[in-house]
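Subject: Structure for you to look at

Hello,

Here is the structure I promised to pass on. Please open it and keep it on screen while you read.

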Amino acid sequence: MKKVITALVLLTSILSTNAQSELTGENDFGSWFMYFGTNKIADRWSIHTEAQFRYYEMASNFNQTLLRTGLNYHINPDAIATMGYGFIDTDPTFTEFDEISSNNLVRNNSISEHRIFEQFILKNKVWEFKFEHRYRLEQRFVQNNYTGESSTLHRARYRIQMTLPLTDIFFLNFYDEIFINLQDSAFGQNRAYAALGVNVTEDLSMQFGYLKNHFTGANFDRLQIGVFYNTDLRGIFKKKN
C-alpha cells in the first residue's frame, strides 16, 4: 500500500511539474531579437541605443519589448561609465490571459516598467581573449496594468564576457550574468550565453547565440540574434568653421 501511495505522489508531482512548465512555456524554445548601438558624438562621449524583442516561442507568442538608451563617458578605451533609461513592456504569462470584463472592456495583464540605470564597464585582454566586466545598478518603477498596483524595485547586476577572435570575420562570444535583488530574496536570475559572431563591416557585426536563463525554480532556453552597429556622429556635432 505504501508503494502505491508513493507512486501516486510521484506521479502527481511529475504531472504538476509538466503542467507548470506548460503554463510558463519553460519547455518551449523561445527567441530574442536584439539591436545594440554605440553612437559616438565626441572624443569621450557616445550615446547607447538598444531595442530587444523577446518571445516565448520561436518568433511568436510575445513576451517582452525592451527599449533602452544611455549616455556613455569613455574614461579611456578600457573604461566606460554610463547613465541611462529603459522602458520595458512585459506579458508575464505564456498563455493568453487577457480578460473581458462585464462591460466588455479587455483588461490587459501586461506589466510596464520605467527603469533608470548606472553602469561601469572595464575591459582587459589576456593573450587573444578579450574580457569585459559590466557592473550595473537599476532602479525599477513597475506598474501592473491588470491590478493597477505599482512598486519600486532595486537591483544589481554583474556580467563577465569573453570574446575570442577566430579570424578577421568570425569570433566567439561568451558571458555569464547574475542579477541580485536589493530587497526580498537576493537571487534574481542568472544568464549564461554562447554565440558565434560575424564582423560584417568595421562598424557592423552580428551574433547568433544560445541563452540559458535561470530563475529560482525555472529555466528558459532562448535563441538570440543580435545586431551591433556602432556609428561615428562627431561630424554632425562639430561646429562649422
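This is a predicted model: local features need pLDDT of at least 70, side-chain atom pairs count only at pLDDT 80 or more; totals for chains, interfaces and linings use all residues.

**Strands and hairpins**

Start with strand β1, residues 29–40, and strand β2, residues 45–57. The two pair in the antiparallel sense, over 10 bridges. A hairpin of 4 residues links β1 to β2. To find the pairing on screen, look for G37, which stands opposite T49 in β2.

Now move on to β3. β2 and β3 pair as well, again antiparallel, with 12 bridges. H48 stands opposite G70 in β3. Here the hairpin has 2 residues between the strands.

Next comes the pair β3 and β4. Strand β3 covers residues 60–76, and strand β4 covers residues 79–90. They are antiparallel and share 12 bridges. A hairpin with 2 residues connects them. L66 faces I88 of β4 in this pairing.

Which strand is joined to β4 by 12 bridges and takes in residues 111–126? That is β7, and the two run antiparallel. Y85 has I116 in β7 as its bridge partner.

While you trace these strands, keep one rule in mind. In a regular strand, side chains alternate between the two faces of the sheet.

**The largest nonpolar core**

Which residues make up the largest nonpolar core? There are 7 in all: W32, M34, F36, Y175, Y193, A195 and L211. Two elements, β1 and β11 (187–199), each give two or more residues to this core. The largest share, 3 residues, comes from β1. In soluble globular proteins, nonpolar side chains tend to be buried together.

Beyond its neighbours within four places in sequence, Y175 is in contact with R159, I160, Q161, R191, A192, Y193, L211 and Q224. Two of these contacts, Y193 and L211, are listed for Y175 and also belong to the core.

**Two residues with positive phi**

A59 sits in the loop between β2 and β3. Its phi is near 60°, a positive value in a residue other than glycine.

D184 lies in the loop between β10 (170–181) and β11. D184 is not a glycine, yet it has a positive phi of about 55°. Is D184 buried or exposed? D184 counts as exposed, because its relative accessibility is 78% and the cut-off for exposed is over 50%.

**A histidine to look at**

Where is H133 placed? H133 belongs to strand β8, residues 129–144. H133 counts as buried, because its relative accessibility is 19% and buried means under 20%.

One is with N124, at 3.5 Å. Another is with the side chain of Y158, at 2.8 Å. Leaving out residues up to four places away in sequence, H133 touches F120, I121, L122, N124, Y158, R159 and I160.

Best wishes

Notes:
Residues are numbered from 1 along each chain as its sequence is written. Side-chain values use heavy atoms; hydrogens and water are left out. Two strands pair if DSSP finds at least two bridges between them. A nonpolar core is a set of buried Ala, Val, Leu, Ile, Met, Phe, Trp, Tyr and Cys residues joined through side-chain atoms within 4.5 Å. Buried means under 20% relative accessible area, exposed over 50%, partly exposed in between (1.4 Å probe, protein chains only). Contact means heavy atoms within 4.5 Å. A polar contact is a pair of N or O atoms within 3.5 Å; within protein, one must be able to donate a hydrogen and the other to accept it, and residues adjacent in sequence count only if both atoms are side-chain atoms.
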